[in-house]
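Let's take a walk through this structure together. Please have the sequence and the 3D view open side by side.

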Amino acid sequence: MDIIISNSSNQPIFEQIKQAIKKAIVTDELKENEMLPSIRNLAQDLRISVMTVKRAYDELEQEGFIKTIHGKGSLVATKNIELLKEEQMKEIERYIDKIILISKSSNISKKEILETFEYLFGEDE
Amino acid sequence: MENILEIRNLCKKYNGFELQNVNITLPKGMIMGFIGENGAGKTTTIKAILDIIKNYTGEIKIFGLDNRKDEKKIKEDIGVVLDDMFFPEILTPNDINSVMKDIYKNWDSELYFKYLTDFALPKTKAIKTLSKGMRKKLEIAVAISHHPKLLILDEPTAGLDPIARNEVIDIFQGFIQNEECSIFISSHITSDLEHIADYITFINAGKIILSKTREELLEDYGIVKCSKEEFEKIDKSDFIKYKKCKYEYEILVENRKIFSRKYSINTIDRVTLENLMVLMIKGEKEC
């Protein structure tokens, strides 16, 4: 699993870890019930604080992606396809928000945006 | 015992300087960065923890034990690096091994020599011939070779080049792989602490002015930059400190996200320990 931490990113480090682990779960690089690295190990390997990794793991657990078994460690929870999809939709919505913000501030119409979207999306298929 | 170090209402008076009601709590398995200007009271606090200054008041508990009554027992499990080297300069690293063997029950010669090799330190050269960086590395090797549970480090990376600092930080992180172990590390080189410290405690003019987790400080806190007009619209209760610069106002806020929901100001940066220190000390707050 790749976890790439950017220090200059505006995204907090714990968020970056969360994203990387989620991505590995979505792409099935991390299988159901597969053990995650221990908090301390991951902190040392990424040269970051234990608290940062703990925050990422705690939030992943709250969101239902992983579960933690006391004294054993954390592992990938039973995958919930709906949850993953919802997660991806949220991400897409964030980008759409940005598109709306830019288009409004520069007077680009909804029609133009939709046309561009269709053009680019179509080309991809 | 969940906390490895607990300081309650520590006070110490010198001529012209006073530590005032210092409270610090360091849980097991964590690294605490202790930051502040030169002369803010970092070294005095550390010396009180180690009971090497006298006439201080307050309570200091290490491993749940009193630092004065149980000094002998506690010191077996503490590793220390102080600002000034405490070995006679004519000794060699080899000699230090013989000395330390008699001092600590748990002294591990094998581990000590392994660190000497890792740090590329000569075994048979007198300390006085070693460079400043080499001496620091030697002190660190000595501090961790008796398997302590708490490391107390006063400016351990001062005088080290970036490569050596990197090596040293690796060792510190390796040290807390054991969740029973903690590190209390003072430094004014804040970049060293920004990533690895779990807690940041900030002392200024003898008082603790901030003690938070790294996550709260470096991810949630923010520095807002705005114009005078924008600044005047902000509620005084929504920021901690502000500084008026030539072209802008800099404002320290406790939570970037909450602030940006309330105000439409675009520039909100994350803090670095360095600009946090500057704003906390030089910033103003009128109520």
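This is a predicted model: local features need pLDDT of at least 70, side-chain atom pairs count only at pLDDT 80 or more; totals for chains, interfaces and linings use all residues.

Residues are numbered from 1 along each chain as its sequence is written, and chains are lettered from A and ligands numbered from 1 in the order in which they are written.

Let's begin with confidence. The model has an ipTM of 0.79 and a pTM of 0.84. Within chain B, β4(B) has the highest confidence, at 96, and α7(B) the lowest, at a mean of 84. Element names here follow DSSP runs, numbered from the N terminus: helices are H or I over at least four residues, and strands are E over at least two.

Now find β4(B), residues 57–62. It pairs with β1(B), residues 3–14, in the antiparallel sense over 5 bridges; pairing requires that DSSP finds at least two bridges between two strands. Here Cys11(B) stands opposite Thr57(B). β4(B) also pairs with β5(B), residues 65–66, again antiparallel, over 2 bridges, and Lys61(B) faces Asp66(B) across that pairing. β4(B) and β5(B) form a hairpin with 2 residues between them, and Phe63(B) in the turn has a positive phi of about 55 degrees.

Turn next to chain A, where α1(A), residues 13–26, packs against α3(A), residues 50–62, at about 50 degrees with axes 8 Å apart. Axes are lines fitted to C-alpha atoms, for helices over the stretch in contact, and angles run from 0 to 180 degrees between N-to-C directions. The two helices α1(A) and α3(A) are therefore oblique to each other, since angles under 35 degrees count as roughly parallel, over 145 as roughly antiparallel, 65 to 115 as roughly perpendicular and the rest as oblique.

Finally, look at where the chains meet: 16 residues of chain B and 12 residues of chain A make the contact, which is counted when C-beta atoms, placed from the backbone, lie within 7 Å. On the chain B side, α6(B) (162–175), α7(B) (190–196) and α8(B) (214–220) each give two or more residues, and α8(B) gives the most, with 3 residues.

Methods: Two residues are in contact if their C-beta atoms, placed from the backbone, lie within 7 Å. pLDDT is the predictor's confidence in each residue, from 0 to 100.
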